[in-house]
Amino acid sequence: MESTKKTIIVFSGDLDKALAAFIIANGAAAMGDEVTMFFTFWGLNILRRQDAPSHQKGFLQGMFGGMMPRGSTRLGLSKMNFGGMGAGMMRKVMRQEHVASLEELIQIARDQGVKMIACTMSMDVLGFREDELIDGLEFAGVATYLGEADEANVNLFI
Amino acid sequence: MTTAELSSTQADKVVDARGTSCPGPILAAKKGIVDVKVGGIMAVLATDGGTKKDLPAWAKKTGHDFLGVIEEQGYFKLFVRRAK
């Protein structure tokens, strides 16, 4: 079968949904497909650095930054989160079952050349600067994503 | 290939993905296949049961021949022939 392209929109900033997105992305890349992940809205939280430099921001954007999870290790579950306890339990069970952690999956995706694009419009709304997100991202908008999706035979919204 | 034939098949490379879960075994297969010459055989060892379906799908997609699987003590041994 010919190598094809897959695009995944990562809209959610929930741990479980981020895991699903990265497992599919890594699986597709392992099968020889080109993969583009487009991170928008809450999905950008997955890409936040823990050690982000501080910036002068508007009041609401400062609030967003302070209240949303800062990076992949801080994400909660979409269900049964129980104020973060659920996410901790999920990570524990996954370690026991030898499932790769979200951080490992992100690293594997980079090693496999999965293209990760951060939506600049969402970044403006939520008040994230480029240096507040992890390295190796591209910064673009909906047209770039649509251009990639045109060439893809699978497109997921997670 | 039959189980008996597979049992006596000598793999040119053995990839140990035991203990890893989806998508670990196919990631291991992708890394391993490049070390096998065209026509050579790679054996993938896996404990994740889904691999029995996933590795044939991976082989079909990537253009290699899935030869079959044998069950060892507590794990599966899956054979792929590099076709290109």
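Trainee: What makes strand 2 of chain B, residues 41–46, count as mostly covered?

Mentor: In this predicted model, 6 of the 6 residues of that strand are buried. Buried stands for under 20% relative accessible area, so the label "mostly covered" follows from that count.

Trainee: Which residues of strand 2 of chain B point one way, and which the other?

Mentor: B:Ile41, B:Ala43 and B:Leu45 point one way, while B:Met42, B:Val44 and B:Ala46 point the other way. Residues on both sides are buried.

Trainee: How do you know that strand 1 of chain B pairs with strand 2 of chain B?

Mentor: Pairing asks for at least two bridges, and 4 bridges join strand 1 (residues 13–16) to strand 2 of chain B, so the two count as paired. They run parallel, and B:Val15 stands opposite B:Val44 of strand 2.

Trainee: Let's turn to chain A. Why is A:Glu132 called buried?

Mentor: Its relative accessibility is 6%. The cut-off is under 20%, therefore A:Glu132 counts as buried. You will find A:Glu132 in the loop between helix 5 (120–126) and strand 4 (138–140) of chain A.

Trainee: Now the two chains together. Why is the pair A:Asp33 and B:Lys61 called a salt bridge?

Mentor: The side chains meet at 3.0 Å, N to O. The limit is within 4 Å, between a side-chain nitrogen of Lys or Arg and a carboxyl oxygen of Asp or Glu, so this pair qualifies. The count between chain A and chain B is 1 salt bridge.

Trainee: Which elements of chain A give two or more residues to the side that touches chain B?

Mentor: Those are helix 1 (15–30) and helix 4 (102–111) of chain A. Helix 1 gives the most, with 5 residues. The residues on this side of chain A divide into 8 nonpolar, 6 polar and 4 charged.

Trainee: How many residues are in contact between the chains, and what area do they bury?

Mentor: 18 residues of chain A are in contact with 13 residues of chain B. The size of an interface is often given as the accessible area lost when the parts come together. Here chain A and chain B bury about 1,200 Å² between them, with 63% of it on carbon and sulfur atoms.

Definitions and conventions:
Residues are numbered from 1 along each chain as its sequence is written. Chains are lettered from A and ligands numbered from 1 in the order in which they are written. This is a predicted model: local features need pLDDT of at least 70, side-chain atom pairs count only at pLDDT 80 or more; totals for chains, interfaces and linings use all residues. Side-chain values use heavy atoms; hydrogens and water are left out. Contact means heavy atoms within 4.5 Å. Buried area is the accessible area (1.4 Å probe) that two parts lose on being put together, summed over both. Ala, Val, Leu, Ile, Met, Phe, Trp, Tyr, Cys and Pro count as nonpolar, Asp, Glu, Lys and Arg as charged, and the others, Gly among them, as polar. Buried means under 20% relative accessible area, exposed over 50%, partly exposed in between (1.4 Å probe, protein chains only).
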